[in-house]
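Q: I have a structure to read and would like to learn how. Please take me through it one feature at a time.

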Amino acid sequence: MSEHIYDLIIVGAGPAGLTAGLYAGRATLDTLILEGNSVGGQVTTTSVVYNYPGVAEVDGTELMNKMQKQVADFGVKIKHAEVTKYDHLNDDVKTVIDANGQQYQARSIIISGGANPKKVGFPGEEKFRGRGVAYCSTCDGELFTGLQIFVVGGGYAAAEEADYLSRYGKHVTVLVRGDQFTCPPLIASRALDNPKVSVEYNTEVESVEGDDYLTAATLINNKTGKKTVYHLDDGDQIFGIFVYVGTQPATQSLKGIIRLNEHGYIITDDHRQTNIPGVFAAGDIIEKELRQIVTATADGAEAATAAEKYVTEQKQRLRIPIHFNAKEPAKTVGQTSSLEHQEEVTPHVGNWLTADIVQQLQPIFARLTRNVSLQILTNETPLSAQLVDFVTEFATLDGHLNVEIKAAQHAKLLPQLRLLDDTGKDTGLHYVGIPTGHELNSLVLGVYNVAGPGQTISPEMTNRIKKLPAANIEIGVSLTCHFCPDVVAACQQMAALNPNITATMIDLQHFPELRKAKNIMSVPATMINDGPVIFGSQTMEQLVKAVEEA
């Protein structure tokens, strides 16, 4: 058990958790944020945010990156850890336990784990997930370029994401269960006024069918009972169904511990305190009427302010000295699996790395102690030339980075970047395509794990990884997917610790034949020893177990 006792632990790093961290940091509380998935929560699955005060429109990931930077500037640490259990919540010092069994102690807790997308439940939904059925437009929308797309839902997300998906699909049809959208007219107009979007009211998906891919859907009008079967357009091999029908609160581990309502949402008072003193909750996980970014941030501010008051009163009661010291900005590299406030770069114009990104990378590369060679396997394609250009620029950022170019016309999956250690040995960390966009995170963390201190991992997990059998892991990604870097980083951390493991990031945009062969229409798509595809975000525990069982 950790001997350190934090003033506050925040579980979840979405808008509520990050805002709570910001307010706690400003109040000089000793605060730790634990996040099991991507920092930013569900907002990072939103293409564009239109209704955040003071911002006309902003990319969801960009907004969360800015919040994360503010939190770091106030000295609050963010650690990548999936909380699975709570203990001693009624005591002065409370305990949370992560998936690796590591325990963290704090005087107060804010639970802001958010909610996960709901499934509709129609026959075939689970079977064709990743092969036509999807839940994240920013992750998977690009894979449906030029294809028919259906959007299931009638609220904020359905209207906004239908508009976003129209930039990829040849046509988007929104299936609304009721006789109108449930969101305000201005939001609904994003779909209604888009010439590439049509709306079918009182319509539901009864079932979907297909072989390897989704090829047919039976739709039913819930008023008339009339059924319509959609079949593929001539020349298409697949179509898409994106589901936006609400969320399910992440409270499975809290049943019987904290008071929940009949739908599983946490019940709080006006100060966002639960039925247990010192335990607060904020964001989409709590019982409330409106679940929006602005209400989540308000919840986080209220919870952190109440937590600060609770901790202060507890310390006064226990005669524990209260210190108010300014904190240095926290360095989260080695603790989280994503790089803060990362921006996407334009691959064909100007420099690959913006001045802001270069500045962010400097403290990371300052911790490198060993040389690493960036070996580029090339073929005679424009993509190879772009990869050489990108890697050459990347290598100028630190003297420990060296470039080695090698022609490999007949190798599988080219062009490819490989990281070689200071002895020239292949580390097993490979990148097919150009690791820009969100995948710049993966490359930076790969270099950090090979040539620097490496990311923090529990001794128990390290021992399991070192005992894993030989494995070739391939992770199909999209550069716009915010879930993908976590999976790539976890697999490549395994490769960095075990010389018998190879972990290869593959930008699927450039390899349609691989997508077709593996029936991939969703990312991240993880393949172990060329086995069945594992779709979706995976924790280190899940990935290690998958290799153990492969």
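A: We start with burial: a residue counts as buried when its relative accessible area is under 20%, and as exposed when that area is over 50%. Keep in mind that this is a predicted model.

Q: How many of the six residues of strand E12 are buried?
A: Five of the six residues of E12, which covers residues 171-176, are buried, so the strand is largely enclosed by the rest of the structure.

Q: Which strands are joined to E12 by bridges?
A: Strand E11 (residues 148-152) is joined to E12 by five bridges, and these two run parallel. A right-handed β-α-β unit is made by E12, helix H5 (residues 185-192) and E13.

Q: Which residues of H2 are buried?
A: They are Gly60, Thr61, Leu63, Met64, Asn65, Met67, Gln68, Val71 and Ala72. Just after H2 comes Gly75, with a positive phi of about 80 degrees.

Q: Is Thr95 buried or exposed?
A: Thr95 is buried, because its relative accessible area is 1%, under the 20% cut-off. Thr95 lies in strand E7 (residues 94-98). Leaving aside residues up to four places away in sequence, Thr95 touches Lys85, Tyr86, Asp87, His88, Leu89, Gln103, Tyr104 and Gln105.

Q: What should I know about side chains in a strand?
A: In a regular strand, side chains alternate between the two faces of the sheet.

Q: In what order do the three strands of the open antiparallel sheet stand?
A: The order is E14-E15-E16. Strand E14 (203-210) and strand E16 (227-231) are at the edges with a single partner strand each, so one side of each has no neighbour in the sheet. From one strand to the next, the twist averages 20 degrees. E14 and strand E15 (residues 214-221) run antiparallel and are joined by seven bridges. Glu204 stands opposite Ile220 in E15.

Q: What is the strand order in the open sheet of eight strands?
A: Read across, the order is E21-E20-E22-E23-E25-E24-E26-E27, with mixed pairing. Its edge strands are E21 (401-407) and E27 (534-535), each of which pairs on one side only. Two bridges link strand E26 (residues 525-528) to E27 in the antiparallel sense, and the bridge partner of Ala525 in E27 is Phe535.

Q: Which helices pack on that sheet?
A: One of them is helix H8 (residues 382-395), which touches strand E20 (372-378), E21 and strand E22 (416-420). The direction of H8 makes about 170 degrees with that of E20. Helix H11 (residues 484-497) also packs on the sheet, touching strand E23 (426-432), strand E24 (471-477), strand E25 (501-507) and E26. The direction of H11 makes about 160 degrees with that of E24.

Conventions: Residues are numbered from 1 along each chain as its sequence is written. This is a predicted model: local features need pLDDT of at least 70, side-chain atom pairs count only at pLDDT 80 or more; totals for chains, interfaces and linings use all residues. Side-chain values use heavy atoms; hydrogens and water are left out. Buried means under 20% relative accessible area, exposed over 50%, partly exposed in between (1.4 Å probe, protein chains only). Helices (H or I, at least four residues) and strands (E, at least two) are DSSP runs, numbered from the N terminus. Two strands pair if DSSP finds at least two bridges between them. A crossover is right-handed if, with the strands pointing away from the viewer, the path from the first strand over the helix to the second runs clockwise. Contact means heavy atoms within 4.5 Å. Axes are lines fitted to C-alpha atoms, for helices over the stretch in contact, and angles run from 0 to 180 degrees between N-to-C directions.
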